[in-house]
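Here is a short note for someone opening this entry for the opening look. Please keep the viewer at hand and follow the points in order.

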Amino acid sequence: MVFFLTKGRRRAARFRQEAYRFLTALVPNIGYLYKGGWRMRPAREINRMVVKCGTGVMTGRFGKLDRVMFGDIARQCAEARVSCVIVSSGAVKSGKEVIDGDNGKIGGHLTHKEYAGVGARYLLQRWGDAFMHHGREIAQIWITPMNLMDEGERDRIGQAIHRYLWHGFIPIINENDVVSESWRGMDNDLLAATIAKIIRPDAILFLTAVGGVYEKDPRQDPRARRYDSIDTGTAYEIASLMTGVSPHGKGGMGEKIVQAASCAEMGMVTAIASPAGNSIIRFARGESVGTMIYHTTHSNKENHHDHY
């Protein structure tokens with residue numbers, strides 16, 4: 001059966017096509033037409049992605065690392081049906097909960113590094129249990145900044161990640177705080193971006209408890225507006241105005257935005273979002289979540305931080 005468009009429908013179709021050309025000229029890869037409106041479209045199909053999980057994302061309402069949060073992230077990664085690499089914070093907090101927990105201190109005061117050494121096992125166990133419910137096994141990769149500075153070691157890290165993904169494992173990556181030179185170690189947003197630049201995934205998703213990038217701190221002003229999308233130049237400008245670190249980790253939103261923008265500049269589909277509302281699954285399908293960050297040729301790089 002041949003379907004003929006009426007004159008009015010042909011005019012509407014031409015209008016949509018012209019609107020599409022106009023918008024994509026302004027913002028590359030902005031979206032595609034479908035019944036019901038516009039959707040964000042990734043620069044390419046997402047088959048492999050990095051998911052950075054900050055400590056705050058995995059902390060429940062009682063201020064402790066929550067197995068439910070780990071389980072929800074693992075479920076979404078499994079149901080997304082793409083290859084996922086997890087860059088996870090939480091070792092230090094996990095160690096503090098074990099040592100300084102509800103049952104009283106079982107050891108004396110420890111340093112940041114020593115807490116991380118104790119907590120690493122419990123952090124990995126939480127991820128292992130979470131993915132086990134979905135028939136997936138995890139692979140531990142604990143690295144240091146020195147590993148990333150050495151070209152040979154950096155290549156071997158990339159090869160290991162690719163082989164784990166090929167065999168269906170979920171790499172869980174964190175810094176080996178115990179042997180890192182700096183007492184605070186390396187920010188995990190920087191670590192996630194660095195890993196992404198080694199393995200070149202299709203996309204990277206920075207998970208955060210606040211759900212995206214806002215014009216003001218939403219914890220101080222609940223009416224603050226969240227940006228649906230920003231270009232990399234705007235991202236660097238916003239980051240330059242931010243100070244302070246996360247209450248749960250080493251970095252902060254400013255560093256997260258900088259590292260996300262640096263990934264977008266390399267052609268990765270990039271977003272900062274909350275894991276709520278199946279955002280990992282939706283992101284893997286090419287939908288817009290949280291704050292999407294896209295690259296333009298006019299981006300301002302004056303505030304770009306150096307990376308490994």
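Which residues are buried in α2? Take that first point below, and keep in mind that the model is predicted.

1. Buried residues of α2. In this helix, Phe70, Ile73, Ala74, Gln76, Cys77, Ala78 and Ala80 are buried.

2. Length of α2. The helix covers residues 67-80, which is 14 residues. At 1.5 Å a residue it should span 20 Å, and its end C-alpha atoms are 20 Å apart, so the two values agree.

3. Ends of α2. At the start, a side-chain oxygen of Asp66 comes to within 2.9 Å of the backbone nitrogen of Val68. Just after the helix, Arg81 has a positive phi of about 60 degrees.

4. The sheet. Eight strands form an open sheet with mixed pairing. Their order is β5-β6-β4-β3-β7-β9-β10-β8. The edges are β5 (138-143) and β8 (229-231). Each has a single partner strand, so one side of each lacks a neighbour in the sheet. On average, neighbouring strands are turned by 20 degrees against each other, direction ignored.

5. β5 and β6 (residues 170-175) run parallel and are joined by six bridges. Ile138 has Ile170 of β6 as its bridge partner.

6. A helix on the sheet. Helix α9 (residues 253-265) packs on the sheet. It touches β3 (48-53), β7 (203-207), β9 (269-273) and β10 (291-294). The direction of α9 makes about 165 degrees with that of β9.

Terms used:
Residues numbered from 1 in each chain as written. Predicted model: local features only at pLDDT ≥ 70, side-chain atom pairs only at ≥ 80, totals over all residues. Heavy atoms only, no water. Pairing = 2+ DSSP bridges. Helix = DSSP H or I, 4+ residues; strand = E, 2+ residues; numbered from the N terminus. Axes fitted to C-alpha atoms, helices over the stretch in contact; angles between N-to-C directions. Contact = heavy atoms within 4.5 Å. Expected span 1.5 Å × (residues − 1). Buried < 20%, exposed > 50% of the residue type's maximum accessible area, 1.4 Å probe, protein only. Polar contact = N/O pair within 3.5 Å; in protein donor to acceptor, adjacent residues only side chain to side chain.
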